[in-house]
Amino acid sequence: MGKILLVRHGETDWNKTDLVIGRRTDMDLNETGRAQAEALAASLRDEPLDAVYVSPMKRAVQTARPTAEDHGLPLITAPALIEMDYGIFEGRPRLDPVYQKEKLEFFARYPEGESYLDLAARVYPFLKEITEKHAGETVMLVTHALICRIVWTYFHEVRLENFSGFPMANTQVRRIEF
């Protein structure tokens, strides 16, 4: 049986100020995020790891690097793990009522962006590939909050009413057996 350690990247300034941050803004971790990445590495030091897959965005790479280095593993960039394109909502407050309404339109694309179905179409084949390639191994995926939700739905049944509220804190680790 294999295992996935699913990790959301560390904190950025936009996370701290609760702004929508997607694939259009490639932002570094802030000081808190860098400390979270180091704490993540320390917490996983004794965890056996066979591979580390990471979104190509800086915030994910900077989160994954300390753990990968501790385990002597290369970072494997996985474009499938890149954050969603939130279109016109990039950089807007998360509590913007128009954004809040739009994010519940599960099958529609954000204006000038992607839909949840677009994400599943790129993430699910990647998950099938890595679960076959790494059967019996432990892999870490470092990605973004919404991609974490999509990954979770591949392995678990998630009702629509629970999807948008699926919690994933910065550098939180969810363990998935496959």
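Tutor: The discussion below sets computed values against the definitions of the terms.

Student: On what basis are the values computed?

Tutor: This is a predicted model, in which local features need pLDDT of at least 70 and side-chain atom pairs count only at pLDDT 80 or more, while totals for chains, interfaces and linings use all residues. Residues are numbered from 1 along each chain as its sequence is written, and side-chain values use heavy atoms, with hydrogens and water left out.

Student: Why is helix 6 called largely enclosed by the rest of the structure?

Tutor: Helices (H or I, at least four residues) and strands (E, at least two) are DSSP runs, numbered from the N terminus. Buried means under 20% relative accessible area, exposed over 50%, and partly exposed in between (1.4 Å probe, protein chains only). Of the 11 residues of helix 6 (residues 145-155), 9 are buried, and therefore the helix is largely enclosed. Among the buried residues are Ile147, Cys148, Arg149 and Trp152.

Student: What covers the buried residues of helix 6?

Tutor: The cover includes strand 1 (3-8), helix 5 (116-133), strand 4 (138-143), helix 7 (160-163) and strand 5 (173-177). Contact here means heavy atoms within 4.5 Å.

Student: How do you know that the charged end of arginine 174 sits over the ring of tryptophan 152?

Tutor: The distance from the charged end of arginine 174 to the centre of the tryptophan 152 ring is 5.1 Å. The rule asks for NZ of Lys or CZ of Arg within 6 Å of the ring centre and within 35 degrees of the ring normal. The arginine 174 charge is accordingly listed as sitting over the ring of tryptophan 152.

Student: How many aromatic pairs are there by the rule?

Tutor: Rings of Phe, Tyr and Trp (its six-membered ring) pair if their centres lie within 6.5 Å; planes under 30 degrees apart count as stacked, over 60 as edge-to-face and the rest as tilted. The count comes to 13 aromatic pairs.

Student: What makes the pair of tyrosine 99 and tyrosine 110 stacked?

Tutor: The ring centres of tyrosine 99 and tyrosine 110 are 6.0 Å apart and the planes stand at 15 degrees, so the pair is stacked. Tyrosine 99 belongs to helix 4 (residues 97-102) and tyrosine 110 to the loop between helix 4 and helix 5, 11 residues apart.

Student: Why is the pair of tyrosine 116 and phenylalanine 163 called edge-to-face?

Tutor: With centres 5.1 Å apart and planes at 75 degrees, the rings of tyrosine 116 and phenylalanine 163 form a pair that is edge-to-face. Tyrosine 116 lies in helix 5 and phenylalanine 163 in helix 7, so the pair ties together parts that are 47 residues apart in sequence. One aromatic cluster includes Tyr99, Tyr110, Tyr116 and Phe163.

Student: Why is tyrosine 116 called buried?

Tutor: Its relative accessibility is 9%, and therefore tyrosine 116 counts as buried.

Student: What makes arginine 23 and glutamate 114 a salt bridge?

Tutor: A salt bridge is a side-chain nitrogen of Lys or Arg within 4 Å of a carboxyl oxygen of Asp or Glu. The side chains of arginine 23 and glutamate 114 meet at 3.5 Å, N to O, in a salt bridge. Arginine 23 lies in the loop between helix 1 (13-16) and helix 2 and glutamate 114 in the loop between helix 4 and helix 5, so this pair ties together parts 91 residues apart in sequence.

Student: Are arginine 23 and glutamate 114 buried or partly exposed?

Tutor: Arginine 23 has a relative accessible area of 31% and is therefore partly exposed, whereas glutamate 114, at 13%, counts as buried.
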